[in-house]
Amino acid sequence: MDCPAGPEGDLRPLQNPGVLGPRRNMNRKILKLENLLRFHTICRQLHSLCQRRMLAQWRHMFSSAYAVHTAQLYTRPWQTDALLRAALSQRRLLVTKKEKRSQKSPLPSTKSKKEVEVWLGMTVEELARAMEKDIDCVYESLMNTAIDIDSLETHSRLDEVWIKEVIKKSGMKLKWSKLKQDKVRENKDAVKRPQADPALLIPRSPVVTIMGHVDHGKTTLLDKLRKTQVAAMEAGGITQHIGAFLVSLPSGEKITFLDTPGHAAFSAMRARGTQVTDIVILVVAADDGVMKQTVESIQHAKDAHVPIVLAINKCDKAEADPEKVKKELLAYDVVCEDYGGDVQAVHVSALTGENMMALAEATIALAEMLELKADPTGAVEGTVIESFTDKGRGPVTTAIIQRGTLRKGSILVAGKSWAKVRLMFDENGRAVNEAYPSMPVGIIGWRDLPSAGDEILEVESEPRAREVVDWRKYEQEQEKNKEDLKLIEEKRKEHQEAHRKDREKYGTVHWKERSYIKYREKRQQQPLKPKEKLERDSNVLPIIVKGDVDGSVEAILNVMDTYDASHECELDLVHFGVGDISENDVNLAETFHGVIYGFNVNAGNVIQQLAAKKGVKIKLHKIIYRLIEDLQEELSSRLPCIVEEHPIGEASILATFSITEGKKKVPVAGCRVQKGQIEKQKKFKLIRNGHVIWKGSLISLKHHKDDTAVVKTGMDCGLSLDEEKIEFKVGDAIICYEEKEVPAKTSWDPGF
């Protein structure tokens, strides 16, 4: 049967049958569906025609209403067919769009690159995490570049150029992190107030520092002034740390004294003392004169621009010569008033108390000339003189107030610590309610122990104090990061230079020779054998230092900073701190095979028993130079013994000849013993024109024709050496000596 023509009955495909691929298969399926639907429509049309013929025969039997209903029946199939054609057309349109979209989907991914947020100084691990890649991807991107891959660790920081290189080779887009760049914290530090109005200033007491050479009587002098027995309580008559005291004179005047150590070991602490000092009293013994620490004290005073009052002590001794002291000081630009200068010189005797008031009056007179004033109002400013930890009271500081008036409840910041003042006390331990400018005071209430020399500033509240401390810690961390980056960059350059030299070294070498050189280098880098490791470790002295106060520990560390004998034995400071020796210190010393040095601290019986069980040495001292001497001895014990030669006898060669033994001729020297004696079993050396040309042993020693073991002074002998190639000459000297092992001594000189 022919298909009906026209737009409604056309069965030709609407798509080009030549289209290949998935689209062609889809068109075929659509065509089959259209054919089935149109076949169904044709069947319905035929059925309608049959019904029309039957109705024509029975037309007279139906009404007009029935005819209208029949006409509606005729039109419904065609309306349904039109709806189906519209649905099929819409389906074809959707399928076509879907095919186009699937073909174009890969294009956007190739055009848009992934953005990676980076920042300066990021590590290898951080870069890999930002890229969502493995760490190996970063290493692969940096291969064949100038950077040394072998030196890179996961925590190594990368420069800007290497970050860009990795992002570029990974096919990604770089985006600098605004978050990291904008994360610059606002400066929250506490600062000093501006200069006060001169009208608000009131006179204050002078802060005086006693300086001078060790054992020149500084503490005894101060003891006479404050009527206490501090000198008698101190070990060995030597001041161990800075103490601050307020002395009231009969005239009503007050002077604050900083009793600094006179020992050379505390030169750094002495220098810090002059930072808060108005006047320096330079104590010089009339019988000793100017010494090394005297010169250092003068230099500290000059560096701090502080005037000097000269106290010539021990004038009660018969051998005292004050004029000699004044003349010696001229060489250091300290010109006394007697010689036309401006330095007051007072002849005193700290032992008898002679002229003590004259010294105090000279100090007060100089203070009046300086017109010392301070502002007692507003926020407190001061300086930490010493700090220590008290078992019952926690961290304690001694401070000099320089501005404002300190009261209980004040919030203070010093270094990276802060305090709410719970208690204040004077030099005698008595509680005080206020501390005004130039007054020394002990402060209790610190959260952590500040360092001696830290600046004290008062803030308005505890949150503000925490903010200041957090800022200072953050600032310290940033400085450390900068230093780390600088060190990393220097290390990277060193590795690059070493890599370049290695390439130059191997560039012209045959591959076989190059392999052999690398093999030897690898053998040298192999782990040390136990014996070699023991020898290496014996040249390292790990130490732990514990002191009573912060200033003492600092002074000991300053002495250790002068250590310059690392080529002999390396000095390794494992840990230092303030307080008694604890179990942790013993465990740490055991781990590092070190020695614990304690200064003015205790080690309980339990701690000492634990140390003995673990084989840890604990050395306690109360005088600092004894501690340093002990340290020198310990360093010396780590050094290998020195072999010294001790001469036993000396002979001069008067004649030379040779004798025949078997088939060879042996040279023989005819000698006369000039000093001591010659013993055959000892060692010998041959000296010609002052130079040693041979060392060894004798194979024969004869007196006349008889073999002998000893030839004494004035006797003649003949001898032959164990070296046949050595030729004797008349006038040469033969020295007989023995070797002895002598303990070595470290070359480190701490300066006292």
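## The model at a glance

What you have here is a predicted model, in which local features need pLDDT of at least 70, side-chain atom pairs count only at pLDDT 80 or more, and totals for chains, interfaces and linings use all residues. Residues are numbered from 1 along each chain as its sequence is written, and side-chain values use heavy atoms, with hydrogens and water left out.

The protein has 20 helices and 31 strands; these are DSSP runs numbered from the N terminus, with helices being H or I of at least four residues and strands E of at least two. Of its 752 residues, 39% are buried. Buried means under 20% relative accessible area, exposed means over 50%, and partly exposed is in between, using a 1.4 Å probe and protein chains only. Take the contacts (heavy atoms within 4.5 Å) between residues at least 6 apart in sequence: 71% of them join residues at least 24 apart.

Two strands pair if DSSP finds at least two bridges between them.

Strand β11 (residues 381-390) is joined to β18 (residues 455-459) by three bridges, and Thr383 sits opposite Glu455 in β18. Strand β12 (residues 394-403) has five bridges to β17, while β15 (residues 417-425) has four bridges to β17. Gly442 in β17 stands opposite Thr398, and Gly442 is also the bridge partner of Phe425.

## Strand β17 and Trp446

Seven of the seven residues of β17 are buried, so the strand is largely enclosed by the rest of the structure. Trp446 belongs to this strand, which spans residues 440-446, and has a relative accessible area of 5%, so it counts as buried.

What does Trp446 touch, leaving aside its neighbours within four places in sequence? The list is Pro395, Thr397, Leu412, Val413, Ala414, Ser417, Trp418, Ala419 and Ile456. Pro395 is 51 residues away along the chain, yet its C-alpha atom is separated from that of Trp446 by 5.8 Å.

The UniProt annotation "coiled-coil region", from an unreviewed entry, covers residues 474-505. UniProt positions follow the numbering used here, feature names are shortened, and annotations may be inferred rather than shown by experiment. In the model that span is 100% helix and 0% strand, and its end C-alpha atoms lie 46 Å apart.

A search of the whole structure turns up two aromatic pairs. Rings of Phe, Tyr and Trp (its six-membered ring) pair if their centres lie within 6.5 Å; planes under 30 degrees apart count as stacked, over 60 as edge-to-face and the rest as tilted. Trp471 and Tyr474 have ring centres 5.6 Å apart and planes at 40°, so this pair is tilted. Both lie in helix α14 (residues 462-507), three residues apart, or about one turn of the helix. Trp471 and Tyr474 are both buried. Tyr563 and Trp748 have ring centres 5.3 Å apart and planes at 75°, so that pair is edge-to-face. Tyr563 is in the loop between α17 (550-560) and β20, and Trp748 is in the segment after β31 (733-742), so the pair ties together parts that are 185 residues apart in sequence. Tyr563 and Trp748 are buried too.

Asp550 is found in helix α17 and, at 16% relative accessibility, counts as buried. Not counting residues up to four places away in sequence, Asp550 touches Ser387, Pro450, Ser451, Ala452 and Val578.

Which residues of helix α18 (residues 583-592) are buried? They are Asp585, Val586 and Ala589. They cover an arc of only 100° around the axis, which puts them on the same side of α18; the arc is that of the directions from the helix axis to the C-beta atoms. These buried residues pack against β19 (540-547), β20 (570-578), β21 (595-599), α19 (605-614) and β22 (617-621). On the face turned away from the buried side, α18 carries the exposed residues Asn584 and Thr591. Just after α18, His593 takes a positive phi of about 55°.
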